[in-house]
Amino acid sequence: MSIDEGTAARVAKLARIKVEPADLPVLAQEFNTILGFIDQLSEVDVEGVEPMTSVTPMRLKRREDVVTDGSQQDKVLANAPDAREGFFAVPKVVE
Amino acid sequence: MSDLSKLTIAGARDALRKGDMTSVELTEACLSAIDGADGLNAFVHKTPEIARDRAAAADARIKAGDAPAMCGIPIGIKDLFCTEGVASQAASRILEGFQPQYESAVSQNLIDAGAVMLGKLNMDEFAMGSSNETSVYGNAVNPWRRRDDKAALTPGGSSGGSAAAVAADLCLAATGTDTGGSIRQPAAFTGITGIKPTYGRCSRWGTIAFASSLDQAGPMTKDVRDAAIMLGAMCSHDPRDSTSVDLAVPDFEAALSGDIRGKTIGIPKEYHMEGIPEEIEALWSQGKDMLRDAGAKIVDISLPHTKYALAAYYVIAPAEASSNLARYDGVRYGHRATLGSGDGITEMYEKTRAEGFGAEVQRRVMIGTYVLSAGFYDAYYNRARRVRTLIKQDFDDVFAQGVDAVLTPATPSAAFGLGEMKSADPVQMYLNDVFTVTVNLAGLPGISVPAGLDHQGLPLGLQLIGRPWEEADLLNTAYALETAAGFVAKPVKWW
């Protein structure tokens with residue numbers, strides 16, 4: 001599997017990272033190196049093997065379905081780059 | 001008083017309890033050692049006021065006669081742990097200015113135990129790296145140098161600042177985190193001890209996430225006894241982390257008898273790898289002899305899927321990272337790019353993340369995005385998770401055969417020069433984790449113990465891998481290895 005510049009651009013778009021067109025050839029090359037390394041996984045016989053979901057044989061704990069937290073709007077907004085009137089502010093989303 | 005920072009946790013604890021010194025004195029010694037070590041770039045946010053307040057409170061607690069082992073002990077905290085009101089930015093530009101409104105579970109446990117935070121420690125950006133060269137703060141520098149050579153060396157990564165600070169006696173111990181070897185590799189590169197406990201021992205709550213199914217916190221210390229003491233203070237069951245185990249935390253220090261007679265130590269043949277320096281093979285062989293002389297039985301074992309561990313890791317870890325790091329969008333915290341007129345929310349995301357993430361983080365987020373994308377999910381991500389099942393099965397099999405611990409080298413080389421890997425492709429850097437990454441994939445406890453010096457005078461470590469939840473037994477085996485190896489070398493101060 002070889003990654004071309006178009007695929008690299010598509011992946012960057014999916015990851016929401018702006019990549020300048022001039023940087024795409026190098027990026028595609030790096031992807032190919034890494035994916036070439038990863039490709040050795042295709043040698044392994046995984047027939048009938050379950051994908052791991054939990055590394056410890058432990059049932060996830062459950063808790064009561066009740067509200068345990070909240071009422072700290074100031075703290076939630078304290079680090080926002082742009083907070084106004086108790087909300088996170090972002091550029092216009094809907095035209 | 002300048003030598004106080006050279007104390008071990010155990011030594012300082014005993015002196016504090018006897019009243020031979022105060023935590024305030026000990027803390028001042030560390031603070032001045034830190035101020036004199038800016039050349040190491042280990043402490044990136046210093047917190048002397050917090051340190052002095054906590055030291056005074058610890059002294060009061062010690063005086064009252066009700067102080068746990070960590071009470072009054074000055075430590076450094078890796079920048080990956082959220083610390084209330086103190087910069088916590090995972091060495092990334094994207095978290096510039098972020099001041100957590102809460103304290104991570106692990107650092108809160110240490111506060112509760114009376115430990116004194118001196119500041120935040122350098123690391124690779126989002127813990128992605130093996131040399132501390134991806135940090136927004138610049139490189140941390142290894143206090144060790146090659147004999148007759150002034151070239152600056154890496155302290156390893158990602159917990160490079162933690163390793164450098166402990167090795168240089170700027171603090172008594174430090175917290176680290178380990179996703180593929182990020183505690184054990186830097187510990188080996190700097191001649192200190194580092195343990196990654198079983199996945200689930202330490203709560204991940206409030207620790208900035210890299211790859212959630214692999215991330216574990218652990219202590220980085222001057223010796224095995226200190227690792228036992230500090231690990232005990234870091235572990236807890238935490239309902240806020242659903243993978244945190246609800247098991248009692250044993251008294252790890254009490255397990256250190258040094259008696260390993262009758263224990264079975266496995267030597268995995270797959271860890272004899274091509275291109276590994278002869279002196280690392282030799283050290284491994286000496287380690288085997290030391291454990292045998294201490295009464296352990298040495299057996300050859302096979303972990304047949306070892307070869308595929310790094311490849312599985314470099315699918316699973318980036319996949320989880322691409323999901324975890326999706327939260328850095330310029331909306332809720334940290335950096336937001338300056339937008340041009342007409343830029344909408346997508347441009348805000350894309351520009352913010354391009355400016356905020358460094359090259360290695362961008363690379364891993366994009367690789368993770370690719371292996372999770374439609375059409376490749378099964379071929380890459382699901383296949384890697386199947387291989388991970390097989391890697392864990394390898395360990396389950398040898399433990400079922402009666403093996404108590406597995407002995408391996410910690411790293412495939414000694415510390416290398418900063419910048420030396422610059423022209424190498426990313427995969428070359430990933431090979432640093434070749435001996436450590438299996439342990440994260442299998443969720444096991446692993447410890448790196450300094451065991452010797454290479455021909456250039458640089459420290460080398462050995463790794464012991466234990467059964468799940470049996471850190472106490474693992475620490476005792478490490479203690480026997482440490483006693484036999486008798487590693488006492490320290491870096492010569494140049495900074």
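Colleague: In what order do the elements of chain A run from the N terminus on?

Modeller: Elements here are DSSP runs, numbered from the N terminus: helices are H or I of at least four residues, strands are E of at least two. Chain A runs α-α-α-β-β. That comes to three helices and two strands. This is a predicted model: local features need pLDDT of at least 70, side-chain atom pairs count only at pLDDT 80 or more, and totals for chains, interfaces and linings use all residues. Residues are numbered from 1 along each chain as its sequence is written, with chains lettered from A and ligands numbered from 1 in the order in which they are written.

Colleague: What radius of gyration does chain A have?

Modeller: The radius is taken over C-alpha atoms, and the globule rule is 2.2 Å times the number of residues to the power 0.38. Chain A has 22 Å, whereas a compact globule of 95 residues would have a value near 12 Å. Its C-alpha trace spans about 55 × 45 × 25 Å along the principal axes.

Colleague: Which strands form the open sheet of chain B, and in what order?

Modeller: Strands of a sheet pair through backbone hydrogen bonds, either parallel or antiparallel. Pairing here takes at least two DSSP bridges between two strands. The order in chain B is β1-β3-β2-β4-β6-β5-β10-β11-β9-β7-β8, an open sheet of 11 strands with mixed pairing.

Colleague: How many bridges join β2 to β3 of chain B?

Modeller: Five, between residues 74-78 and residues 116-121, and the two strands run parallel. B:I77 stands opposite B:K120 in β3(B).

Colleague: How should I read helix α12 of chain B?

Modeller: An α-helix has 3.6 residues a turn, so residues three or four places apart point the same way. The expected span is 1.5 Å times one less than the number of residues. Helix α12(B), residues 377-400, has 24 residues and reaches 33 Å from first C-alpha to last, close to the 34 Å expected. It bends by about 25° at B:R383; the bend is the angle between axes fitted to the seven residues ending there and the seven starting there. After α12(B) comes B:G402, with a positive phi near 105°.

Colleague: How many residues does each chain bring to the contact?

Modeller: Residues are in contact if their C-beta atoms, placed from the backbone, lie within 7 Å. Chain B gives 57 residues and chain A gives 38. On the side of chain B that touches chain A, α12(B) supplies the largest share, 11 residues.

Definitions and conventions:
Contact = placed C-beta atoms within 7 Å.
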